[in-house]
Each structure stands twice: as C-alpha cells, then as structure tokens.
Amino acid sequence: MSMGAKKGRRLGSTRLVLLIPYLWLALFFLAPFLIVLKISLSQTAIAQPPYVPALDWVAGWAGLRDFVAALSTDNYALLGSDWLYLVSYLKSLQVAAVSTAILLMIGYPIAYGIARLPRRLQPILVMLVILPFWTSFLIRVYAWINILQRDGLLNDVLMRLRVVDQPVAWLSSDAAIYIGMVYSYLPFMVLPLYATLEKVDETLLEAAADLGCPRWKTFWLVTLPLSLPGLAAGALLCFIPITGEFVIPDLLGGSDSMMIGQTLWMEFFANKDWPVASAIAVALLGLLLVPMLFYERLQQRSLEGGR
Amino acid sequence: MGRKTSAFNVVSVALGLAFLYLPIVILVIYSFNGSRLVTVWGGWSLTWYRALLSDRAMIDAAWASLRIAALSASAATVLGTCAAIALTRMGRFRGRLLFSGMVYAPLVMPEVITGLSVLLLFVALDVDRGFWTISIAHTTLTLCFVTVIVQSRLISFDRSLEEAAMDLGCPPLKTFLTITLPLIAPAIAAGWMLAFSLSLDDLVIASFTTGPGATTLPIRIYSEVRLGVKPEINAVCTIMIAIVALGTVASSLLAKRGAMRRERAALSAQM
Amino acid sequence: MADAATQGQTAGDTPLLRFEGIGKRFGPVVAVEAFTLDIGQGEFFALLGPSGCGKTTLLRMLAGFETPSEGRILLDGDDIVAVPPHRRPVNMMFQSYALFPHLSVAGNIAFGLRQEKAGKAEIAERVTEMLALVRMPDFGRRRVDQLSGGQRQRVALARALIKRPRVLLLDEPMAALDKKLRAETQFELMELQRKLGTTFVIVTHDQDEAMIVADRIAVMEHGRLAQVAAPSEIYERPNSRWVADFIGEVTLIEGMLADGAIETGLGRFRAAIPSGGKKRDTAWLALRPEKLRIDAQRPTGGELNAVAGTVFEIGYRGDMSIYKVRLADRSLMKVALANTSARGQASFGIDDLVWLSWPPEAGWVLTR
C-alpha cells in the first residue's frame with residue numbers, strides 16, 4: 001500500500017520520520033526501564049549513585065561477569081516478606097478497583113445523558129467535561145482540601161444543617177481518597193463511554209422498541225453491549241493510573257496505610273533506597289502489565305481498525 | 001426524529017457537571033476571601049493576589065514551568081507527529097509492535113514509574129539535572145498524546161487529496177508539505193496545546209527529574225499545599241484556571257467563526 | 001486474449017496506450033489478471049464492470065498509484081511502470097473529486113501548472129481559459145466548500161485538464177451526481193472530449209453511462225477482460241452469457257447447435273450459428289426483450305421463430321411495459337412492449353395465452 005516504500009528517493013526522508021521518534025522513545029522510555037530492572041537487582045550503598053554494583057564497561061567481558069554475579073534478588077525477597085509493601089500493593093488494588101466501580105456508576109449515566117440530549121448541545125457538554133482536565137490536576141485535588149478540611153466547607157454545611165454536631169475528619173481518610181480519585185478521573189471515564197454511546201444508532205433502539213422490547217430491556221440488550229468497548233477503555237484508563245497514583249492519596253489520604261505510589265516515593269525520596277524503589281516499580285509494572293496490554297490492544301483497534 | 005431525553009438524563013448530566021465545577025468555583029471564590037479562614041467570609045478582597053506579586057519564588061517557578069512547557073510541547077509535537085505519520089503511513093515495518101507499544105504505553109503508565117525510570121537514566125548517563133532533564137522527560141511523556149491526536153486525524157484523512165496532488169505533478173515530499181500538513185494543522189495545534197498543559201500540570205515526573213534551581217510551579221505549589229491550605233495558593237490556582245478558560249474560549253470562538261463561515265458558504269452555494 | 005484486445009480497434013497505427021499482460025495481486029487477492037488492451041489516440045474509452053472487477057485498480061496503475069505485479073504499461077511505446085505518478089503525463093479526475101479544501105477554485109485549477117513552475121501570467125490565462133471551458137467563469141475566487149456537487153465536478157475536471165494530459169482518467173466521475181444532472185453531464189463530457197481531442201479513459205459500473213459516452217467499452221469480470229468492442233457490438237453481439245446478462249436485459253435459452261438453428265427444449269429455433277461452432281455443442285440463444293413480438297395468435301411468416309406461453313407478470317415502466325411470459329418448460333421470458341397508445345392501457349392481461357416471435361437475426365447464439 002505505501003507508495004514511499006518502492007520509490008528510492010522517498011525512502012530517506014520516510015525512514016527519518018520513523019527513526020527519530022523511534023530512537024527518542026527507545027532512549028528515553030525503553031532504556032530507562034532496563035536500568036530500573038538492573039537497579040532493582042542491586043544493593044543499596046552509601047555512594048553516588050547510591051547502589052552497587054555499577055557496571056564497569058571498561059573491564060569488558062570480565063566486568064560484565066562480575067556484574068551479573070553481584071546481582072541479587074534480595075530486594076524482591078524484601079517486598080515479599082515485609083508487610084508494609086504487601087499491604088500497600090493490596091491497598092492500591094483495592095482503591096483502584098473501588099474507584100473504578102464508582103466511576104462507572106457515576107460516569108455511565110452522565111455519558112448516556114449527554115448522548116441522549118439534543119445533538120447541538122452535545123459538543124458544548126463534552127467541552128464542559130473536558131475543560132477541568134485542562135486545568136491542573138494539582139489544583140483540582142487542592143480544591144477539595146478547601147472543602148474537606150476540618151474547618152472546611154463540607155463540615156460547615158453539615159453542621160449548619162445539623163446532620164452532624166461535631167466536625168468530621170474527612171481529610172486524611174479513605175473517603176477523601178475516593179472523592180479525589182473519582183473527581184480527578186471522571187473525564188477519563190465519561191469521554192470514551194460517550195464516544196461509543198454517541199455512535200449507537202437511534203434506529204437500533206427504535207427497532208428494538210418496534211419488536212416489542214421495553215425501554216429498560218432495550219438498554220440491557222442493545223445499548224449496554226454496544227457500549228462495551230468504551231466501557232472497557234474507560235475502566236482501564238482509570239484503573240491503571242489510579243493503581244500507581246501518588247498525588248491524591250498523598251494530599252487527601254491518611255498516613256496509616258499508603259498506596260504503592262506513595263511507598264515508592266518514600267523509599268526514593270525519604271529513605272534514598274533506590275534499589276528497593278526500583279523493585280517496587282518493577283513489581284507494580286508487572287501487576288499492571290496485563291491491563292496495560294489489554295488497553296493497548298483496544299487503543300490500536302480503535303485507531304487502526306477504523307479504516 | 002425527536003430523541004427521547006428523559007428527566008433522568010438531564011438530572012445526571014446536571015449533577016455530573018455540578019460535581020465537576022463546584023470545587024473549582026469554591027476555590028475561585030475563596031481566592032477573593034479577605035479572611036484567612038475558609039469558613040469565615042471576610043469580604044471580597046485582592047489581598048492574596050497582592051501577596052503573590054511579592055512572592056519571588058512562586059513567580060520564578062511559574063516562569064520555569066512556562067519555559068519547560070513551551071519547549072517540551074514543541075519537541076513533543078514534532079516527534080509525536082512523526083510517530084503518527086509512521087504509524088498511519090508506513091504499513092508493516094520491522095519493529096512496529098515495539099514502536100506502537102512504546103507510543104501508547106506512556107498514556108496509562110503510572111507517573112511514578114516513568115519518573116523514576118527516566119531519572120535513573122539521567123543518573124546512569126551522569127547528566128546534571130534541571131531544566132533540560134525535566135524538558136526531556138516531559139517531551140517523552142507528552143509526545144504520545146500528540147501522536148494519538150494527530151493519528152486519528154490522519155486516519156480520517158482523504159488519501160485521494162494527496163494522490164490528486166501527485167497526479168498533477170507534485171513530488172511526494174512537497175505534497176506532504178503543501179497539502180497534508182496544512183490540512184492536519186488543527187490537529188497538530190491541538191496536540192501542542194494538550195502537551196503544553198500536561199507539562200505545565202505535571203508534579204510527579206518533574207519532582208523526580210528536577211535538580212537545583214529548577215523548581216516548577218506544581219513542585220512549588222505542592223510543597224506549600226502539604227503544609228495545609230494557604231489562600232495565596234487559591235489565588236495562584238485561580239490565575240491558572242483563568243488562563244485555561246480564556247484559552248479555551250478563544251479557541252472555541254475561532255472554531256465557531258470558521259464553522260459559521262462554512263455554513264454561510266454552504267447556504268450561498270445552494271442559491 | 002490478444003484478438004479480443006484489438007477487436008473493434010478504431011485507431012489504426014501505434015496505439016497511444018497499451019496494457020501488456022498486466023497482473024495485480026494484493027496479498028492473496030488477485031485484482032487484475034493477464035490483462036492486455038490497446039487504447040487509441042483520441043478515443044473515449046470506458047472500463048466497465050461490477051464493483052470489485054479490477055477496473056479501478058487498472059486506472060490507478062495507469063495513474064501510477066499502484067504498481068503492476070507483472071506486465072508492462074506502454075504510453076506512446078514507452079514503459080511507464082517505473083515512472084512515479086507526479087512525472088506521468090496523465091491526469092485523473094477522482095471519484096471524490098479530491099479538491100483541496102484549503103485552496104480556492106482558481107488555486108485548485110492552477111495547482112498542476114504551479115508544479116511545472118509556469119509563469120504567473122500564463123497560469124492566470126490558462127485558469128481563465130479552463131474556467132470558461134467548464135462554464136464557471138466567475139467562480140475562480142470561491143472557496144471549494146461554497147460549491148454544489150455539480151460545480152465541484154466541473155472544477156475537478158478543469159483541474160485535471162489544465163496540464164493538457166495525454167490521457168485523462170475519470171474514476172466514476174458521475175457517481176456523486178443525481179440522475180438528471182448525470183444525464184446532462186454525460187453529454188457535456190462527450191462534447192468536451194470531441195472539442196479537445198484528448199483521450200479519455202473512464203471507469204464506471206453504470207452500463208448506461210458507458211454505452212452513452214464511450215467509443216469503445218472494455219467489459220471486465222473478476223480482473224479479466226471479458227470483451228472489448230463498440231457499445232452497439234457489445235449489446236448486440238456479446239461474446240459470452242456473462243456479458244449478455246451484464247449489459248441490459250436478456251433471456252437465455254439453453255440448447256444444442258444444429259444446422260442453421262439451435263435445438264432447445266422449447267423447440268427448434270432458426271439462428272445464425274457462430275463460426276467454429278460444432279453440431280451438438282451446448283449453446284445458448286440470447287434474446288433481448290425489445291426484439292420480441294407478442295401476439296394473441298401464432299404469427300404467420302416462414303422464417304419467424306415462435307413460442308407460446310401465458311402472461312405471468314406485467315411491469316409498467318411508463319415508456320414501455322415489461323411482460324414476463326411463462327413458457328411450456330415453466331421458464332420465464334421477458335418481452336418489452338412500447339406503450340404507444342395514448343391511454344396506456346395494457347394490451348394483454350395476466351394469464352392470457354400469448355405467442356412470442358422473432359426473426360432469426362434477432363437472436364444471438366452464445367457458446368460460453
């Protein structure tokens with residue numbers, strides 16, 4: 001199909017178009033992972049950089065052999081044995097799963113509602129859903145601190161309404177984490193859902209009604225199955241980054257149990273234990289590999305299959 | 001042709017939008033609060049904006065963020081557009097699977113992983129960390145978003161336009177520059193804007209790759225916020241929101257004017 | 001296939017264009033196979049076939065957008081297969097028109113000349129000339145999205161003609177127009193081609209369009225050339241059942257060749273036997289509906305072939321009525337009857353007993 005491939009003159013410039021981003025990504029995206037993998041097998045040391053062994057390129061083959069011999073899986077053994085890490089993995093998965101479920105329950109009606117509203121309103125509504133995404137993530141999380149803090153707005157309103165008579169500690173709780181997650185990731189759930197729901201042909205629903213299917217049943221039998229690709233994309237687009245989220249639990253959550261992103265951050269910045277931080281990153285990546293591959297397939301199919 | 005819109009549809013959209021906007025509105029209002037306390041309304045005041053003007057560190061951070069965002073967005077736009085062209089136009093080349101994997105993965109990769117790994121690369125290469133390392137990391141992160149936007153435009157692009165140009169004697173490279181590029185320019189511009197705002201927004205990757213003397217705005221805000229609510233931060237956030245809102249309104253107005261012109265043109269064609 | 005290719009050739013000397021054993025495969029799919037054809041200077045030539053028959057692939061190979069898997073394409077005797085599209089002296093009018101949306105009408109038309117680095121004055125003059133040619137003199141500064149479908153089509157035509165190509169390629173040029181406009185445009189296109197004397201190669205799936213506009217038609221079936229000839233020849237003397245059935249309406253009756261006749265289950269019908277046809281070979285008698293007579297009584301006349309049946313169905317089409325008559329072997333034969341009477345009432349009713357008849361020269365015997 002490609003015209004360029006056959007014609008020698010174009011080969012040069014076409015190659016470059018591929019080669020430049022390819023090399024960039026290989027150097028700044030792929031290579032770093034290999035380094036992380038390597039460091040996760042190293043030992044902490046008081047040195048610069050703070051780990052051993054360092055690969056000695058000058059020593060050649062012997063250097064490489066010494067290097068491989070000095071690698072150890074101690075860091076992974078530590079991750080498996082210390083409750084701190086296990087708990088934060090489980091906590092991350094729990095938060096991601098519950099948040100995604102809540103996002104689905106809130107996001108679906110919104111996406112469905114937008115798709116059912118008059119056509120000329122839809123672009124404006126979509127714009128309104130995207131708009132917060134353009135403002136800083138940090139700002140949006142921070143906005144909730146105003147509301148959730150002890151002498152914040154929520155407690156103020158609740159106490160005036162006499163729902164509670166003592167200020168509730170919203171901040172530094174799991175509830176605050178869920179609120180922050182749902183708030184921050186809502187556009188990621190609504191947009192892919194809307195994109196598939198908007199394509200559902202109105203006449204399909206009319207055909208179902210014409211064949212005697214009540215409205216609620218039409219939803220289950222026609223609309224929902226047709227929106228499954230968007231549902232899967234939205235769920236993955238939320239679940240994967242939430243699992244590794246750092247900012248939201250750090251600012252809104254409590255200090256009693258940490259999510260894995262926080263643990264990694266702490267090991268790296270506070271404890272300066274780079275090998276353990278790397279091991280955590282590798283383990284987290286392993287955890288997310290299956291959903292990420294699944295998401296990539298969805299993405300590729302929607303971008304490349306739509307020809 | 002009437003689409004059946006139920007009250008449930010309207011209510012869920014309205015509640016959803018309220019949920020999305022209420023916290024932002026509250027934040028904006030409190031940036032004008034004369035009182036330091038959130039629950040106490042001290043009357044409208046510009047106190048916190050004035051305080052901001054004398055906050056040298058905050059202004060420096062904002063300036064650093066803007067420079068990094070402009071540089072990395074521009075680099076990401078070039079690289080991301082190249083990647084999109086490669087993915088849509090080059091068919092099955094060797095290493096395509098790896099390439100598309102590398103392009104799409106950063107879209108969902110947790111930022112702590114990306115940040116940590118790219119930092120370790122810089123350490124291994126023994127590069128001084130600061131402005132340039134953050135810019136490179138942000139370019140890598142945002143180029144994928146540019147690719148996705150440009151790629152979806154290229155897929156819907158009518159190839160016969162390029163064929164027509166070549167048929168009329170235009171060589172392939174010139175065809176790309178005079179026909180394809182002008183027509184996908186809006187998508188490229190949208191990609192640049194998204195990359196810019198993502199870079200401006202990023203805390204985690206910047207925290208990993210930053211060095212002495214390169215504090216970005218999110219890093220600055222984060223270090224203040226950790227210590228609790230400060231009204232000055234409300235003011236900073238309001239300014240950032242205002243910039244985004246103005247940018248969005250301006251670009252949508254431009255788009256609307258184009259659409260109106262087209263519509264009028266279509267009407268006159270029928271007469 | 002060589003004899004089929006040169007059949008009905010109008011231009012005598014070296015052909016302008018020659019396809020020589022062209023084949024094209026997309027992976028396992030064969031799009032064009034063993035295709036050989038000559039097209040003469042100044043011809044209006046049509047490539048006709050159902051969708052997926054390879055006609056568009058052939059046109060795209062001519063323009064240079066596809067490379068043949070095998071064979072040569074000769075233009076004025078030179079092989080152009082290796083020449084990239086932007087260096088070929090052929091221009092194409094695209095099915096979607098492919099007008100550049102970011103350029104004005106004049107900008108679109110001038111595009112080809114600009115690539116040749118022609119002078120400003122020359123470009124302006126030629127653009128004005130082309131705009132006059134397609135009868136849109138005042139449209140030069142319009143934007144493309146300000147044009148109606150018919151106007152776009154003319155701009156696309158002007159754009160493709162401005163470089164005075166050796167061959168103009170037209171890919172389903174009228175597919176996007178409504179029926180009335182299409183009919184007008186067909187005649188305009190013929191007039192234009194006569195005026196310019198340029199060779200036109202048109203791809204279409206519309207047999208009426210091909211018959212109206214073209215000097216010669218190549219009918220394609222599954223990537224192969226089925227028949228190439230003038231429109232009347234293809235209609236009156238198709239070379240296979242497939243072509244007979246693809247072009248217009250036809251009734252086919254299976255039988256065996258005999259002396260000056262064909263022996264069928266419905267009787268023995270006099271007809272001209274194709275040269276080389278052997279006795280007792282399986283053959284088919286092809287009958288066009290408008291060539292049959294329909295009567296209440298058996299018509300007299302020594303030479304006439306006749307067969308009896310009952311009227312099964314009547315389709316009223318305004319200018320004519322199509323009768324489907326059920327014959328003794330329960331097969332149906334189509335007859336077209338011009339509605340000449342003012343009232344338009346049918347001459348026969350359902351279940352009426354009728355006789356169908358035709359002179360021997362009205363039938364055409366096919367052996368494949």
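## A helix of chain A

The model discussed here is predicted.

## The contact between chains A and B

Chain B contributes 71 residues to its contact with chain A, and chain A contributes 83 residues. On the side of chain B that touches chain A, at least two residues each come from α1 (7-31), α3 (56-89), α4 (96-108), α5 (111-125), α6 (131-155), α8 (172-201), α10 (217-225) and α11 (231-270) of chain B. Of these elements, α1(B) provides the largest share, with 12 residues. Sorted by class, this side of chain B holds 52 nonpolar, 15 polar and 4 charged residues.

The domain assignment divides chain B into domain 1 (13-45) and domain 2 (56-233). Taken over C-alpha atoms, the centres of domain 1 of chain B and domain 2 of chain B are separated by 33 Å.

## The contact between chains C and B

Chain C meets chain B through 22 residues of its own, which are in contact with 21 residues of chain B. On the side of chain C that touches chain B, β6 and α3 (105-115) of chain C each supply at least two residues, and α3(C) gives the most, with 3 residues. By class, the side of chain C that touches chain B comprises 10 nonpolar, 8 polar and 4 charged residues.

## Overall build of chain C

Chain C contains 9 helices and 20 strands, and its C-alpha trace spans about 75 × 50 × 40 Å along the principal axes. Buried residues account for 39% of the 368 residues in chain C. Of the contacts in chain C between residues at least 6 apart in sequence, 66% join residues at least 24 apart.

For chain C, the domain assignment gives domain 1 (2-241) and domain 2 (249-366), and the centres of these two domains of chain C, taken over C-alpha atoms, are 39 Å apart. Between them, 4 residues of domain 1 of chain C are in contact with 5 residues of domain 2 of chain C. The side of domain 1 of chain C that touches domain 2 of chain C has 1 nonpolar, 1 polar and 2 charged residues.

## The mixed sheet of chain C

Strands of a sheet pair through backbone hydrogen bonds, either parallel or antiparallel. One open sheet of chain C is formed by 6 strands in the order β6-β7-β8-β3-β9-β10, with mixed pairing. Its edge strands are β6 (90-93) and β10 (224-229) of chain C, each of which pairs on one side only, and the twist from one strand to the next averages 20°.

Towards the β10 edge, strand β9 (residues 216-221) of chain C is joined to β10(C) by 5 bridges, and the two strands run antiparallel. Within this pairing, A218(C) has V228(C) in β10(C) as its bridge partner. Helix α5 (residues 149-161) of chain C lies across β6 and β7 (167-171) of chain C and runs at about 175° to β6(C).

## The antiparallel sheet of chain C

A further open sheet of chain C has 5 strands in the order β15-β19-β16-β17-β18, and its pairing is antiparallel. Here the edge strands are β15 (293-295) and β18 of chain C, each pairing on one side only, while neighbouring strands are turned against each other by 45° on average, direction ignored. Strand β17 (residues 320-327) of chain C pairs with β18(C) in the antiparallel sense over 7 bridges, and in β18(C) the bridge partner of Y323(C) is V335(C).

## D352 of chain C

The loop between β18 (332-338) and β19 (353-358) of chain C holds D352(C). This residue counts as partly exposed because D352(C) has 16 C-beta neighbours inside 10 Å. When its neighbours within four places in sequence are left aside, D352(C) is in contact with T310(C) and V311(C). From C-alpha to C-alpha, D352(C) lies 22 Å from I253(C), and the two residues are 99 residues apart in sequence.

Notes:
Residues are numbered from 1 along each chain as its sequence is written. Chains are lettered from A and ligands numbered from 1 in the order in which they are written. This is a predicted model: local features need pLDDT of at least 70, side-chain atom pairs count only at pLDDT 80 or more; totals for chains, interfaces and linings use all residues. Two strands pair if DSSP finds at least two bridges between them. Helices (H or I, at least four residues) and strands (E, at least two) are DSSP runs, numbered from the N terminus. Axes are lines fitted to C-alpha atoms, for helices over the stretch in contact, and angles run from 0 to 180 degrees between N-to-C directions. Two residues are in contact if their C-beta atoms, placed from the backbone, lie within 7 Å. Ala, Val, Leu, Ile, Met, Phe, Trp, Tyr, Cys and Pro count as nonpolar, Asp, Glu, Lys and Arg as charged, and the others, Gly among them, as polar. A residue is buried if 20 or more other C-beta atoms lie within 10 Å of its own, exposed if 12 or fewer, and partly exposed in between; C-beta atoms are placed from the backbone. Domain bounds come from an automatic or database domain assignment.
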